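Let's take a walk through a protein together, one piece at a time. Keep the picture open beside you and look up each part as we get to it.

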Amino acid sequence: MRYLLFALICLLSGAALAAPAQPGKAYLSLIIDDLGQSPARDARTLALPGPVTLAIMPDTPHATEFARQAHRADKTVILHMPMDPATGPYAWHPGTPLPELARRLDTALAKVPYAAGINNHMGSRMTSQAEPMAWLMGELQRRQLFFVDSRTSAATVAAAKAQAVDLAHVSRDVFLDDIRTPEAIAGQLQQGIALARKQGSAVLIGHPYPQTLDVLERELPKLKAQGIEWIEIRQMIAQRGNRAMQGHGKAGLYSPR
């Protein structure tokens with residue numbers, strides 16, 4: 001069933017210039033990054049209502065255990081792949097030979113079972129590297145995994161390389177908690193809601209900070225009453241059809257760098 005669903009998503013998302021969201025519809029997807037470090041924060045994130053996507057770091061003490069727990073809870077798990085300037089045994093760095101990048105990807109995926117896709121942890125330098133990003137998107141295509149460009153840098157070429165090979169992917173629109181105050185986080189959530197209404201959809205990324213979880217626990221149950229359809233990340237990939245949103249490019253195509 002999982003592979004049939006993925007095949008359907010790939011079919012829907014293969015048309016890079018597919019039609020935008022239906023008029024009047026406002027879709028939202030939420031990813032929580034940096035999981036696997038703390039059982040208490042992981043458990044609180046897992047308990048959030050709705051289709052939260054859980055991005056688990058491979059170099060954390062509870063990565064494998066939490067990935068299995070999240071899978072049993074029927075949540076979508078993705079690998080939160082460290083990329084330069086991130087450090088550690090799995091991190092990708094500019095200039096690293098492709099065989100070593102492949103080995104690090106293999107070992108990272110082994111640490112995070114049930115990963116349906118990946119997104120970049122940090123990566124402001126690495127995601128600007130055309131050759132390794134092109135290789136990565138081809139490799140994810142081969143593995144039937146999707147990609148989420150966290151867009152930690154305006155210089156990223158990751159989503160453009162994904163689009164070039166019709167890899168199922170989306171790009172992040174709003175970070176919730178660059179400023180870790182409840183007021184700022186609530187404001188960013190409202191910005192995401194407003195963007196979803198304006199362009200039809202929005203992809204939000206947050207972290208398991210206490211302030212972020214406080215806001216999400218309070219505000220997520222209100223989304224439906226605000227006219228927002230909260231959808232799973234693979235549904236968002238199908239909905240966007242591999243198109244670049246207005247803030248990421250023009251006419252559905254990612255801006256060249």
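At roughly what angle do the axes of helix H7 and helix H8 cross? Before the answer, a word on what you're looking at. This is a predicted model, where local features need pLDDT of at least 70 and side-chain atom pairs count only at pLDDT 80 or more, while totals for chains, interfaces and linings use all residues. Residues are numbered from 1 along each chain as its sequence is written, and side-chain values use heavy atoms, with hydrogens and water left out.

Now find H7 at residues 182-199 and H8 at residues 210-219: their axes cross at roughly 50 degrees and come within 9 Å. The labels come from DSSP runs, numbered from the N terminus: helices are H or I runs of at least four residues, and strands are E runs of at least two. An axis here is a line fitted to C-alpha atoms, for helices over the stretch in contact, and the angle, from 0 to 180 degrees, is taken between N-to-C directions. H7 and H8 are therefore oblique to each other. To place that word: angles under 35 degrees count as roughly parallel, over 145 as roughly antiparallel, 65 to 115 as roughly perpendicular, and the rest as oblique. The H7 and H8 crossing is also right-handed. A crossing gets that name if the near helix is turned clockwise from the far one by less than a right angle, and left-handed if anticlockwise.

Who does the touching? From H7 come Pro 182, Ile 185, Ala 186 and Leu 189, and they meet Gln 211, Thr 212, Val 215, Arg 218 and Glu 219 of H8. Contact means heavy atoms within 4.5 Å. Sorted by class, the residues of this H7 and H8 contact are five nonpolar, two polar and two charged. (Ala, Val, Leu, Ile, Met, Phe, Trp, Tyr, Cys and Pro count as nonpolar, Asp, Glu, Lys and Arg as charged, and the others, Gly among them, as polar.)

The axes of H2 and H8 come within 11 Å and cross at roughly 20 degrees. H2 and H8 are therefore roughly parallel, and their crossing is left-handed. Arg 41, Arg 44 and Thr 45 of H2 make the contact with Pro 210, Leu 213, Asp 214 and Glu 217 of H8. In the contact of H2 with H8 you'll count two nonpolar residues, one polar and four charged.

Leu 46 is buried, with a relative accessible area of 14%. Buried means under 20% relative accessible area, exposed means over 50%, and partly exposed is in between (1.4 Å probe, protein chains only). Setting aside neighbours within four places in sequence, Leu 46 is in contact with Leu 54, Phe 66, Gln 69, Ala 70, Ala 73 and Lys 75.

Next up, H4 (98-111) and H5 (residues 130-143). The axes of H4 and H5 come within 11 Å and cross at roughly 45 degrees. That makes H4 oblique to H5, and the crossing of H4 and H5 is right-handed. H4 brings Leu 98, Leu 101, Ala 102, Leu 105, Asp 106 and Leu 109 to the contact, and H5 brings Glu 131, Pro 132, Trp 135, Leu 136, Glu 139 and Arg 143. Eight of the residues in the contact of H4 with H5 are nonpolar, none polar and four charged.

Trp 92 and Trp 135 have ring centres 6.0 Å apart and planes at 45 degrees, so the pair is tilted. Trp 92 sits in the loop between strand E3 (76-83) and H4, and Trp 135 in H5, so the pair ties together parts that are 43 residues apart in sequence. Trp 92 is buried at 0% relative accessibility, while Trp 135 is partly exposed at 24%.

Most residues other than glycine have a negative phi, and most peptide bonds are trans. The bond from Asp 84 to Pro 85, though, is cis, with omega near 20 degrees; Pro 85 is in the loop between E3 and H4. Asp 74 has a positive phi, near 65 degrees, and is exposed at 71% relative accessible area. Ala 251 has a positive phi too, near 55 degrees, and is exposed at 67%.

Conventions: Phe/Tyr/Trp six-rings, centres within 6.5 Å; stacked < 30°, edge-to-face > 60°.
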